[in-house]
Amino acid sequence: AAPDKAFLLPNAVSPVDVQPVRTPVFRVGFVGRFSQGKRVTDLLHAFAAFHRQHPKTELWLMGRAENPT
């Protein structure tokens with residue numbers, strides 16, 4: 001990243017103060033740019049089929065649209 005677009009964010013919470021949460025949920029994630037070439041719609045369809053058989057699942061999508069309007 002360009003130096004003017006990058007910054008350091010130190011830990012705001014001490015790891016000692018945070019206890020992990022154990023959940024019976026299986027998470028699938030996507031981190032990236034939402035563009036046609038990334039085929040995110042294929043991921044949505046595949047996850048929908050998977051989720052019907054395995055309801056204790058979550059799909060997390062994180063990113064930006066290629067051409068936000």
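Residues are numbered from 1 along each chain as its sequence is written, and side-chain values rest on heavy atoms, with hydrogens and water left out. Because the model is predicted, local features require a pLDDT of at least 70 and side-chain atom pairs count only at pLDDT 80 or more, whereas totals for chains, interfaces and linings use all residues.

Helices (H or I, at least four residues) and strands (E, at least two) are DSSP runs numbered from the N terminus. Threonine 57 lies in strand E2, which covers residues 57-62, and it is buried, with a relative accessible area of 9%; here buried means under 20% relative accessible area, exposed over 50%, and partly exposed in between (1.4 Å probe, protein chains only). The side chain of threonine 57 makes a polar contact with that of histidine 51 at 2.6 Å, a polar contact being a pair of N or O atoms within 3.5 Å, where within protein one must be able to donate a hydrogen and the other to accept it, and residues adjacent in sequence count only if both atoms are side-chain atoms. When residues up to four places away in sequence are not counted, threonine 57 touches Val25, Phe26, Phe47, Phe50 and His51, contact meaning heavy atoms within 4.5 Å.

Side chains of opposite charge can pair when their charged atoms come close. With a salt bridge defined as a side-chain nitrogen of Lys or Arg within 4 Å of a carboxyl oxygen of Asp or Glu, the count comes to two salt bridges. In one of them, the side chains of glutamate 58 and arginine 27 meet at 2.9 Å, N to O. Glutamate 58 lies in strand E2 and arginine 27 in strand E1, so this pair ties together parts that are 31 residues apart in sequence. Both residues are partly exposed, glutamate 58 at 28% relative accessibility and arginine 27 at 39%. Aspartate 42 forms a salt bridge with arginine 39, the closest N and O atoms being 2.5 Å apart; aspartate 42 is partly exposed at 35%, whereas arginine 39 is exposed at 56%.

Rings of Phe, Tyr and Trp (its six-membered ring) pair if their centres lie within 6.5 Å, with planes under 30 degrees apart counted as stacked, over 60 as edge-to-face and the rest as tilted, and by this rule there are three aromatic pairs. The rings of phenylalanine 30 and phenylalanine 34 have centres 5.5 Å apart and planes at 35°, so the pair is tilted; phenylalanine 30 is buried at 13%, while phenylalanine 34 is partly exposed at 28%. The pair formed by phenylalanine 47 and phenylalanine 50 is likewise tilted, because the planes stand at 45°, with the ring centres 6.5 Å apart. These two residues both lie in helix H1 (residues 40-53), three residues apart, about one turn of the helix, and phenylalanine 47 is buried at 11%, whereas phenylalanine 50 is partly exposed at 35%. Ring pairs link Phe26, Phe47 and Phe50 into a cluster.

Strand E1 (residues 26-31) also contains glycine 29, which is exposed with a relative accessible area of 55%. The C-alpha atoms of glycine 29 and leucine 43, 14 residues apart along the chain, are separated by 9.8 Å. Valine 31 has its place in strand E1 and is exposed at 69%.
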